[in-house]
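Here is a briefing on the model shown below.

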Amino acid sequence: MTTVRTTYREALREAMRSAMREDERVFLMGEDVGRYGGCYAVSLGLLEEFGPDRIRDTPLSESAFVGAGIGAAIAGMRPIVEIMTVNFSLLALDQILNNAATLLHMSGGQIAVPLVIRMTTGAGRQLAAQHSHSLEGWYAHIPGLRVISPATVADARGMLATALADPDPVIMFEHNSLYSVEGELSDGGPVDIDTAAVRRPGTDVTLISYGGTVAKALDAAGELADAGISAEVIDLRTLRPLDERTLLESVGRTHRAVVVDEGWRSGSLAAEIAARIAEQAFYQLDAPVARVCAAEVPVPYAAQLEQAALPQVADIVAAVRAMVG
Amino acid sequence: MTTADAKTRLELLTTMLRVRRFEERCVELYSAEKIRGFMHLCIGEEAVSAGVLRALGPLDAVVSTYREHGHALARGLPMAAVMAEMFGRATGASHGRGGSMHLFDGERRFYGGNAIVAGGLPVAVGLALADRMRDRPTVTACLFGDGAVAEGEFHECMNLAALWRLPVLFCCENNRYAMGTALEREHAVTDLALRASSYGMRSWAVDGMDAEAVADVAARAVDTIRGGSGPCFLELSTYRFRAHSMYDSDRYRDKAEIGAWKRRDPIPALTELMRAADQLTDEDLAGIEATIGEEIDTAVAAAEQAPVEPVADLTRFVYSERT
Amino acid sequence: MAEFVMPSLGADMESGTVTEWLVKPGDLVRKGDVVAVVDTAKAAVEVECFQSGRVDRLLVPEGRSVPVGTPLAVITTDEAAAPTTPGRPDAPAPPDSAAAPVHTGDQAATTLEPPTRPATRPTTPIVRHLAKEAGLDLAALHGTGAGGAVTRHDIEQATPHPPRPAERPQTPPHPRGQQAPRVSPYARKLAADLGVDLAALHPGDGPVTAADIRAAAEQQPAQRQPAQRQPAQRRPVKARGVDNRTAIAALMSRANRDIPHYHLATTVDLDRALAWLREHNKALPVAERVLPAALLLKATALAAAAVPELNGHWVDGALQPSSTVDLGMAVAVRGGGLLVPVLPQADTLPLAEIMRGLREQATRARSGRPRASDLGQASITVTNLGDLGVEVVHGVIHPPQVALVGFGAVVERPWSVDGLLGVRPVVTVTLAADHRATDGAVGARFLHMIDNSLQTPEELL
């Protein structure tokens, strides 16, 4: 088996390319996905290969084109809708929650919505408050949606095909810090979107992360290893439904958990994970579950302020040290 | 008058009467607490249901609003399934998950009552997009009210559908009130057909109390769309005789205004026209009423006896069931 | 004949007021005609009738609020009375039909009647609303209102309440320096597995973690064997077995786990009751003499009948009052254990029967040979530990019952009557009651009734 070195961005592009080659029902639509090549250049070159009918530039009408994706999915297509960044998805929230997530139930199982919505998320590039949200937890709150968050090149390449095969709406979050990350890709086939992955095994504490925080958790685990603390790093991969089994098995081994989440602490995905551990692994816990989250502040522009607002490797290390003692 | 005209008129009249009597029974059942939730009636607006839906073929798609009993019945949803849904029963059009506002029928491409004003428009655009991308000669009829025209989604969808020349028939059922807010109090420009035409799509202003006129214009619009024109827009001027949702005290409307519109009731209007043209006898009318009455009685009896969805199935239909 | 009822004009409407009748007796109405203006909490609405016919009587006057579903008017629907040409409002009224006499306007005023009482007991909207919210079956509730109507109070009595803040047990924080060691859940589990005594640990500043337990386990070689888990000793469960500790343990654990108890106590002057009993007993053969305990049982049974909220069972989240007072008597069994023989319909039994039941059943139960019929389901239980010298009983309710009455010993105490101090025989009566089913006020009423009964002992015969 040959492996190739590629970037997260290219892996996403390859995933879309092969999906569109294999299934003529698949098409991409969004703001500047065609001529411009995608705000983050994910779809660069696809217009030339597939033409404007399948690589559709849309007006700045998030509600209309997300809703159009819903309608097209109902009518038998397999649309991929790209929302430039998570903040713009708020303009389409009506369509995502009131239609995509709801139609199947409200119609008594008649109207399924096999739609994939991709969007960029996360802070860290001095884009100030409106362009730096991390709202994955909001979407993970909604029954009827599946929410995934590829953190590796292999997942960027493999999750999309599985998401497109899913009969229900899937929201895929791509952290902006990942696009240029390089990694080895072996076969490039579909991967599951049901389970969390243990990215680094350990025995003393479980670090639970996803998307943009996986790399930080792995860095923290490296530092902790130097200090003699063995940290296990979990990449959630799928934020809804949560793979509780992997989480609980890990906590059953390490008896300590730190959740790392770029979302705000209050009402966050981290809160949900902490609650589930408390509910289901209470008697395995040798310390209270800790969370390393974003500060409760709109993300500021100035670099030092922004960095202070976001979970950092040092914060993770400190949280673990306070716990392991 | 030709025989074809007589036949059309009879079908329009029958559809309108069917919707009217059905909803009248709904009022009774709601008052007796058999039907619950919000229930929005289209009594007075039946010419729109009868005329627009008649213009569509079986492969066309329909997206509707929370005031959709008439659209659903005219589209051919079985009355028993609609009534059972209002009763919240397992045999209902949406397995008791939707109620009055959310009637669905995938087979008939009836994509629901949507309770978000203008929320159905983007979906209609997408249905048309998919059909267009696959070269299917279908039209998606999208029904909404005058209130939706003030929403941002209206603008986004009119623009997108016109930009991409999608086969959507936008039908604005203008009953002059967004719940309690009069047209003049919510729109800077109250000529809605004119506004639609600014997107570069053909639009017609139609007397929505005249079933024949509605049927006529809708058929022409559908033909135009099938011919590749891109979307069309119908402004159907009509009036709801009853409250926004079941009952209200009508503080926002003038009694004289209601009375004036009631004198234009589309059902007697068409009835008189047909009598005058010797196309309808009292016996005919009594026969139609009797058939409809029987259909309603049967639907109510079936709904009363229908099983309820088991609570054990509460979480069904959140995600697709995989075998 | 058809009834025009108060319609439900919205999912949130419970009642409405006819502010204006737009028809009067004798008027012809058609299906769909507006016949009245109804004021709901939200708006005044014109309402229509769903029958064609002639208005016979108006049942509810203008201005009275009535629940949804209340008949407002009677409409005769005979074909003769109905308009012959529906759809033509100007058709002349047909002549009076014998079946539907037309009232004049004057008569209309006199024929206004209160709404006919439905077959079920009348209930107000708020009561139905509260009952629905609480999941209570109105038909099963005892009404204390006029005509047996279930009142809001009745619903509240039958509804589980969270304990009020004042009644919530306060756990005072440990004073500084004496803080109980904090132990992680996993450490606690590990301690149990490794046989480490948590109390004997001397932790540092932080909480006790698994590492502390492992260290302690290594320093206590003698105790290193994992604690043997003792399987619960299970004997074959005899039905209400005489010495069946397991059954009692299960029942009482359930009681303490599930039932939010409240406890009330009152001291009752027995001077009059005992004096009366002495006189009463003089006339009886020794074998038939009545003990004070029987008087207390009878007084309890009567109080239970009068306060049905305490006489019944908590089933599926709701109080189900019992239609009879089946008095359980907790009896200690020789060799340990507890039995509760039952006196069925104790409130209807003469005192002599109560005494006989007490004597026979208690004897049989004590001997451990009760009859199956003795051990039916009680609706309320009495425990009397006076014989053992106990003064105050703080009882535990027997689920699914909702109350337990405790009697202590009859003791002589200084007692003030009319400003003078004397020595009187008194007994402390306690009530343990289920706070889901009732509140303290009901319990207080109950204890007060026992006291009252015991002040008129002749009525306990």
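**Around Ala274(A)**

Beyond its neighbours within four places in sequence, Ala274(A) is in contact with Val259(A), Val289(A) and Arg291(A). The model is predicted.

- Ala274(A) sits in helix α11 of chain A, which spans residues 269-281.
- Is Ala274(A) buried or exposed? Ala274(A) has 21 other C-beta atoms within 10 Å. The cut-off for a buried residue is 20 or more, so Ala274(A) counts as buried.
- Ala274(A) and Ala290(A) are 16 residues apart along the chain. Their C-alpha atoms are separated by 7.8 Å.

**Chain A as a whole**

- Chain A contains 13 helices and 14 strands.
- Of the 325 residues in chain A, 60% are buried.
- Take the contacts in chain A with a separation of 6 or more: 79% of them join residues 24 or more positions apart.

**Where chains A and B meet**

- Chain A puts 34 residues into the contact, and chain B puts in 33 residues.
- On the side of chain A that touches chain B, the elements giving two or more residues are α3 (62-74), α5 (93-100) and α6 (103-106) of chain A.
- Which element gives the most to that side of chain A? It is α3(A), with 11 residues.
- By class, this side of chain A has 16 nonpolar, 15 polar and three charged residues.

**Where chains C and A meet**

- Here eight residues of chain C are in contact with eight residues of chain A.
- Helix α4 of chain C (residues 185-194) gives the most to the side of chain C that touches chain A, with four residues.
- That side of chain C divides into four nonpolar, three polar and one charged residues.

**Nonpolar cores**

- In soluble globular proteins, nonpolar side chains tend to be buried together.
- The largest nonpolar core in this model has 253 residues.
- The residues with the most contacts inside this core are Leu207(A), Val258(A), Val125(B), Cys142(B), Leu169(B) and Leu234(B).
- Helix α1 of chain B (residues 3-31) gives the most to this core, with 10 residues.
- A second, separate core has 68 residues, among them Ala304(C), Val325(C), Val429(C) and Leu454(C).
- What surrounds Cys142(B), leaving aside its neighbours within four places in sequence? Its contacts are Val63(B), Gly120(B), Leu121(B), Ala124(B), Val168(B), Leu169(B), Phe170(B) and Cys171(B).

**The open sheet of chain B**

- Six strands of chain B form an open sheet, in the order β2-β1-β3-β4-β8-β7. The pairing is parallel.
- At the edges are β2 (110-114) and β7 (202-207) of chain B, each pairing on one side only.
- From one strand to the next, the twist averages 15°.
- Within chain B, β4 (residues 168-174) and β8 (residues 232-237) run parallel and are joined by six bridges.
- Asn174(B) has Ser237(B) as its bridge partner in β8(B).

**Helix α11 of chain B**

- Helix α11 of chain B covers residues 266-276, and its buried residues include Pro266(B), Ile267(B), Leu270(B) and Met274(B).
- Why do these four lie on the same side of α11(B)? They cover an arc of only 100° around the axis.
- The face turned away from the buried side carries Glu272(B) and Ala276(B), which are exposed.
- Just after α11(B) comes Asp278(B), with a positive phi of about 55°.

**Strand β16 of chain C**

- Strand β16 of chain C (residues 403-407) is largely enclosed by the rest of the structure, because five of its five residues are buried.
- Both faces are covered. Ala403(C), Val405(C) and Phe407(C) are buried on one side, and Leu404(C) and Gly406(C) are buried on the other.
- β16(C) runs parallel to β15 of chain C (residues 380-384), with four bridges joining them. Thr383(C) has Gly406(C) as its bridge partner in β16(C).
- β16(C) also pairs with β18 of chain C (residues 420-434), in the antiparallel sense, over five bridges. The bridge partner of Ala403(C) in β18(C) is Ala433(C).

Conventions. Residues are numbered from 1 along each chain as its sequence is written. Chains are lettered from A and ligands numbered from 1 in the order in which they are written. This is a predicted model: local features need pLDDT of at least 70, side-chain atom pairs count only at pLDDT 80 or more; totals for chains, interfaces and linings use all residues. Two residues are in contact if their C-beta atoms, placed from the backbone, lie within 7 Å. Ala, Val, Leu, Ile, Met, Phe, Trp, Tyr, Cys and Pro count as nonpolar, Asp, Glu, Lys and Arg as charged, and the others, Gly among them, as polar. A nonpolar core is a set of buried Ala, Val, Leu, Ile, Met, Phe, Trp, Tyr and Cys residues joined through C-beta atoms within 7 Å. A residue is buried if 20 or more other C-beta atoms lie within 10 Å of its own, exposed if 12 or fewer, and partly exposed in between; C-beta atoms are placed from the backbone. The arc is that of the directions from the helix axis to the C-beta atoms. Two strands pair if DSSP finds at least two bridges between them. Axes are lines fitted to C-alpha atoms, for helices over the stretch in contact, and angles run from 0 to 180 degrees between N-to-C directions.
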